Amino acid sequence: MTRIHRHARRTLTVLMVSTAMVVASAQTRIVPPKNKYAPADDVKLGQEAAAQVRQQLPLVDDRQLDDWVERVGRRLVDAIPSQFQQPAFRYTFDEVNQKEINAFALPGGPMFLNRGMIEAAHSEGEVAGVMAHELSHVFLRHGTAQATKGERFQIGAVAGQVLGAIIGGTAGSVIAQGSQFGLGAYFMKFSREYERQADLMGAQLLARAGYDPREMATLFKTLEAEGGNSGPEWLSDHPNPGNRYDAIIREAQTLTIANRQPATGEFQSMQSRLKGMKPAYTAEQIAQMQKSGRVQDSPTGTSGRTVQVSAPSTQYRTYQAGNLLRVSVPSNWQPYGSGNTVTYAPEGAYFQQQNGGSAFTHGMEVGVTQGTGDLARDTQQLLRSFAQSNPQLRQQGSARRENVGGRQGITAVLTNVSEVTGQPEQIELSTAQLRDNSLLYVIGVAPRTDADVYQGTFRRVRQGMQINDR
Ligand SMILES: [Zn+2]
C-alpha cells in the first residue's frame with residue numbers, strides 16, 4: 001500500500017550539555033551526555049532513516065553472512081551494561097553491498113556495516129570492535145544528545161538528511177543532496193568527546209562480550225592506513241579524539257575479558273564467501289543506481305524485496321493519534337508519520353520512498369480526510385483516490401456495515417500488488433463518519449499469504465479505537 005505523508009515538524013531549542021568522566025585505576029566510568037529527548041524519539045528517528053537506507057542502499061543478500069553478523073551483534077548487545085539498556089531500542093544489523101570502508105548506526109538501534117568494512121578487517125574481533133563503537137554511540141544516545149545541544153532545527157526533516165551524510169562523496173546522488181543542508185552532520189559526525197566515550201565504552205563492551213578490546217585499536221590503525229590522503233569515510237564521521245590507539249590500549253589494561261571465546265574459523269569462511277561474490281558497488285555506482293531508480297537491481301527501486309516481519313504480538317499498546325483518536329495496536333508495532341495520518345507497522349515493514357511517500361507491507365494506517373456526511377459516497381471517493389496511487393487495487397465482493405471505533409462504519413476487502421514486494425496483498429479498508437462530517441479511515445495491509453493471521457488483529461484494532469470528536 002502506498003501513501004503520501006507529510007510529517008509534522010517539531011522545533012528544538014538549545015540546551016547545555018555536560019559530560020563527565022571519572023578516571024580511576026579501574027575502567028573509565030562513562031556518563032551519557034544530557035538528552036532532552038525520550039528514548040522513543042531515538043527509535044522513531046532511527047526507524048524512519050533506516051527505512052530509507054534499506055530502500056536506497058544495496059544490501060548484501062547472503063544468509064550466512066547475515067547470520068554471522070547478527071551473532072556478533074547479539075553478543076555485543078547482550079553485553080550492554082544494565083544501566084545503559086534501553087528496552088525500547090531494537091538493534092538490527094544489515095550489510096551494505098558497498099566497497100568503501102564504512103559503518104554507521106542510527107538512533108534507537110539500526111546498524112549498517114559496509115561490505116568494505118568487513119573485507120578490511122583481519123579478524124572477527126576487529127569487526128566486533130567497530131560494531132561495539134557504533135553500538136556505544138547508540139545506547140549512550142549520542143545522536144539525540146547532539147541534537148539536544150544543537151541549534152534549532154526540525155527533527156522531522158532530519159531523517160531525510162541523514163542519508164546524505166552516510167553516502168558521502170557522491171555529490172550527484174539524489175539523496176546526497178541532503179548533505180548540503182548540513183543536518184546529516186548532526187547525527188553522523190560526532191564530537192571528539194562522544195568519540196572518546198564510544199571508544200572507551202566500546203572497549204568495555206568488547207571485554208564483557210569476550211573479545212579482546214585491543215582489536216578495536218588495531219582496526220583503527222588498519223583504517224588509518226587505508227584509503228589514501230583523507231582515509232576512509234568512517235574516520236571522518238568518527239574523528240580521532242586524540243591518542244585514540246593509546247587510550248584504547250590503556251583502557252584495555254583495566255579490563256578483564258569475560259568468557260573468552262576460542263576462534264572458530266568463521267571469520268575466514270566469511271572472508272572467502274565475500275571474495276566469491278560479485279564485487280561490491282562503489283559509492284559512485286550506487287549514486288548512479290539511485291538516479292536511475294535501480295537500487296537492489298530492481299526496476300522500481302523496492303519491488304521484489306523480501307520482507308520478513310514478526311507476527312502481531314498478542315500484547316497491545318495504546319497510542320494517542322492526534323487529539324481525536326486512541327488506537328491500541330500489537331505491542332511490536334511502531335507508529336510512523338504523524339498529523340492526520342499515522343501508520344502502525346512492525347519493524348521492517350515500513351518504507352520511505354524518494355518521492356516523499358511511503359509504503360508498508362504489514363500493519364495499519366489510520367487517517368482522517370474530508371467528507372460530505374454521506375458515509376457510503378465518501379468511502380467510494382476515498383477508494384477512488386487510493387486506486388489512483390495503487391493501480392492494481394481491486395475490491396473483493398461488496399462492502400459491509402461494521403463497527404469501527406464504536407460506531408457503525410463500512411469495511412471493504414481489497415486486493416492489491418505490493419509495491420515493495422511485488423506480491424499480492426490483502427487490504428481491509430474501514431471508514432466511519434466523524435461529527436464534523438469528515439471521514440475516519442483505517443487500512444489494514446498484509447501479504448495475501450498472511451491475510452488469515454492479520455484479519456483478527458485488524459478487526460480488534462478498528463473496533464477497539466476510541467474516537468473523541470465531541
Ligand atoms: Zn564514533
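Helix α2 (residues 63–78) packs against helix α4 (residues 124–139) at an angle of about 50°, and their axes are 10 Å apart. That angle makes α2 oblique to α4. The crossing of α2 past α4 is right-handed. On the α2 side, the contact uses Val72, Gly73, Leu76 and Val77. On the α4 side, Glu124, Val127, Ala128, Met131, Ala132 and Leu135 meet them. By class, the residues of this contact divide into eight nonpolar, one polar and one charged. An α-helix has 3.6 residues a turn, so residues three or four places apart point the same way.

This is a predicted model. The protein holds 15 helices and 18 strands. Of its 470 residues, 49% count as buried. Consider the contacts between residues at least 6 apart in sequence: 67% of these join residues at least 24 apart.

Burial shows up clearly in helix α5 (residues 142–149). Six of its eight residues are buried, so α5 is largely enclosed by the rest of the structure. The buried residues of α5 are His142, Gly143, Thr144, Ala145, Gln146 and Ala147.

Helix α8 (residues 192–208) and helix α11 (residues 244–253) pack at about 35°, with 9 Å between their axes. Here too, α8 passes α11 in a right-handed crossing. Asp199, Leu200 and Ala203 are the α8 residues in the contact. Their counterparts in α11 are Arg244, Ala247, Ile248, Glu251 and Ala252. Five residues of the α8–α11 contact are nonpolar, none is polar and three are charged.

Is Proline 262 buried or exposed? Proline 262 has 6 other C-beta atoms within 10 Å, so it counts as exposed. Proline 262 and tyrosine 211 are 51 residues apart in sequence, yet 9.8 Å apart in space, C-alpha to C-alpha.

Now turn to the strands. Strands of a sheet pair through backbone hydrogen bonds, either parallel or antiparallel. Strand β8 (residues 325–330) joins β18 through two bridges in the antiparallel sense. In that pairing, glutamine 466 of β18 is the bridge partner of arginine 326.

Another open sheet has seven strands. Their order is β9-β10-β13-β17-β16-β15-β14, and the pairing is antiparallel. Strands β9 (333–336) and β14 (394–404) form the edges, each pairing on one side only. From one strand to the next, the twist averages 20°.

Start inside this sheet. Strand β13 (residues 363–369) pairs with strand β17 (residues 439–447) over seven bridges, in the antiparallel sense. Within that pairing, glycine 367 stands opposite tyrosine 441 in β17.

Strands β14 and β15 run antiparallel and are joined by eight bridges. Glutamine 395 stands opposite leucine 414 in β15. The two strands form a hairpin with two residues between them. In its turn, glycine 405 has a positive phi of about 55°.

What joins β15 to β16? Eight bridges do, with the strands paired in the antiparallel sense. Threonine 411 faces serine 430 of β16 across this pairing. The hairpin of β15 and β16 has six residues between the strands, and glycine 422 takes a positive phi near 75° there.

Helix α15 (residues 451–464) lies across β13, β14, β16 and β17. Relative to β17, α15 runs at about 160°.

How values were computed:
Residues are numbered from 1 along each chain as its sequence is written. This is a predicted model: local features need pLDDT of at least 70, side-chain atom pairs count only at pLDDT 80 or more; totals for chains, interfaces and linings use all residues. Two strands pair if DSSP finds at least two bridges between them. Helices (H or I, at least four residues) and strands (E, at least two) are DSSP runs, numbered from the N terminus. Axes are lines fitted to C-alpha atoms, for helices over the stretch in contact, and angles run from 0 to 180 degrees between N-to-C directions. Two residues are in contact if their C-beta atoms, placed from the backbone, lie within 7 Å. A crossing is left-handed if the near helix is turned anticlockwise from the far one by less than a right angle, and right-handed if clockwise. Ala, Val, Leu, Ile, Met, Phe, Trp, Tyr, Cys and Pro count as nonpolar, Asp, Glu, Lys and Arg as charged, and the others, Gly among them, as polar. A residue is buried if 20 or more other C-beta atoms lie within 10 Å of its own, exposed if 12 or fewer, and partly exposed in between; C-beta atoms are placed from the backbone. Angles under 35 degrees count as roughly parallel, over 145 as roughly antiparallel, 65 to 115 as roughly perpendicular and the rest as oblique.
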